[in-house]
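Subject: Structure handover

Hi,

Here is the structure I promised to pass on.

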Amino acid sequence: MTSYYDALETRSPDEREAALAEALPEQIARAKALPGYADALRDVDPKAVAGREALAALPVLRKSALGAAQASSAPFGGFTTRTPSGFAHVFQSPGPLYEPGGRGRDWWRMGRFLNACGIGPGDVIQNCFGYHLTPAGMIFENGAEAVGAAVLPAGIGQTEFQARAAHDIGTTGYAGTPDYLKVILEKADELGLSTQITKAAVSGGALFPSLRDWYLDRGITCLQAYATADLGNVAYETSAMEGLIVDEGVIVEIVTPGTGDPVAAGEVGEVVVTTLNPDYPLIRFATGDLSAVMEGQSPCGRTNMRIRGWMGRADQTTKIKGMFVRPEQVAALVARHPEIEKVRVVAGREKDTDTMTVRIEAAGGDEAAFSPSVAEVLKLKGTIEIVAPGSLPKDGIVIEDTRTYE
């Protein structure tokens, strides 16, 4: 029988949208009062942002902009409602980029995922995420506290010690990257040590079906979460193993890469997340990851939106003929011509020379009509092909690199 974390997981769509209509304006108001959002939200009436459609009209916040703001206003760039001393932790990720961390109950919302993994009182989790500078270790520790599980703060590396600790303590759960548990278990086998791990909560890498099956053959159920250092838990797998269910504390949109425009349900696009965390209100934060909405409800009984998980990177910036072409430029080209529905730039190579083909999905127009805009917006000249509406793939790719250098 499924044990839900709380009643929020099984709300009806109407109940969820009603709660959103109440919580979202409050979060926009918090954000608007912060220096980091002074320009982006200056003319926004928080009360008017009471649903997903209104939210989609707000500008997207990119990690590069967050980093630039932190460079001029350390450490959080004016995006938090607390000072650094008001948080339990301050973390540093590559960049460098600084993230706050709290100690309140399930501050990172990871408890919901661990509960879905069957982890709770009576379990000891071997937490093999890093504890130094970066937040992953504390994110999972905070979630374990929320579900009542004990933690072995194992961190990264020292595999022989990890194997011996798993045996000696009798850890029953694992948290870490998908592949490192296999390394620990194989080391335990080599040392002749038995282990009791039956539950694995993984993130930070690809969980390949063959690896999941390897764990299952050893009696270990392995589920994955999609989380980031900035946002905490975004979406998580359940026993149904049909996509990832969006966490109840965030709003997820799937948009065309380089823009803030939502794509149709089922189409691949960039994951954009708005948090409802009052301490760190990230509004339409672009993750740079690709995914797609899965229609329908999960068989596990949870009712929130599902996404297909990680499907690649949205930042498809590609150097062609020595010039960078970015998704934002492709979006600007689409915006310039109302008759254009979609554009796909294809980088190729012919006789050791780069080529650029711009495939334009439009009901009308010809190559000559679009050529000046292509040259001006993309800063390059290339071959233009007009294709029929609906003919370009719906895979989230706006810049395709077909070059090989063998």
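The model is predicted, so local features need pLDDT of at least 70 and side-chain atom pairs pLDDT 80 or more, while totals for chains, interfaces and linings use all residues. Residues are numbered from 1 along each chain as its sequence is written, and side-chain values use heavy atoms, with hydrogens and water left out.

On a 1 Å grid over the protein atoms alone, a cavity is a set of points where a 1.4 Å probe fits but cannot get out; a pocket is an open set with protein on both sides within 12 Å along at least five of seven lines, and lining residues have an atom within 4 Å of a point. Points are joined across faces, edges and corners, and a volume is the space filled by probe spheres set on them.

Searching the whole structure turns up two cavities of 30 Å³ or more. Strand 4 and helix 5 each give at least two residues to it (helices are DSSP runs of H or I, at least four residues, and strands runs of E, at least two, numbered from the N terminus).

The largest cavity comes to about 70 Å³. Among its lining residues are Trp107, Trp108, Arg109 and Asp230, and by class the lining has six nonpolar, three polar and two charged residues.

The largest pocket has a volume of about 1000 Å³. Its lining runs to 40 residues, with Ser203, Gly204, Gly205, Tyr226 and Ala227 nearest the centre. Strand 8 supplies the largest share, five residues. In classes, the pocket lining is 20 nonpolar, 12 polar and eight charged.

On to the rings. There are seven aromatic pairs, meaning rings of Phe, Tyr and Trp (its six-membered ring) with centres within 6.5 Å; planes under 30 degrees apart are stacked, over 60 edge-to-face, the rest tilted. Phe87 and Trp107 pair edge-to-face, at 6.3 Å centre to centre and 80° between the planes. Phe87 sits in the loop between helix 3 and strand 2 and Trp107 in the loop between strand 3 and helix 4, so the pair ties together parts 20 residues apart in sequence. Phe87 counts as buried at 9% relative accessibility, and so does Trp107 at 12% (buried is under 20% relative accessible area, exposed over 50%, partly exposed in between, with a 1.4 Å probe and protein chains only). Phe129 and Phe140 have ring centres 4.5 Å apart and planes at 20°, so that pair is stacked. Both of these Phe residues are buried. Phe76, Phe87, Phe91, Trp107 and Trp108 form one aromatic cluster.

Finally, the cores: a nonpolar core is a set of buried Ala, Val, Leu, Ile, Met, Phe, Trp, Tyr and Cys residues joined through side-chain atoms within 4.5 Å. The largest one has 35 residues, and Ile28, Tyr37, Leu55, Leu58, Val252 and Ile307 touch the most other members. A second, separate core of 28 residues includes Phe113, Ile139, Leu223 and Tyr236.

Cheers

Note on methods: Nonpolar A, V, L, I, M, F, W, Y, C, P; charged D, E, K, R; others polar.
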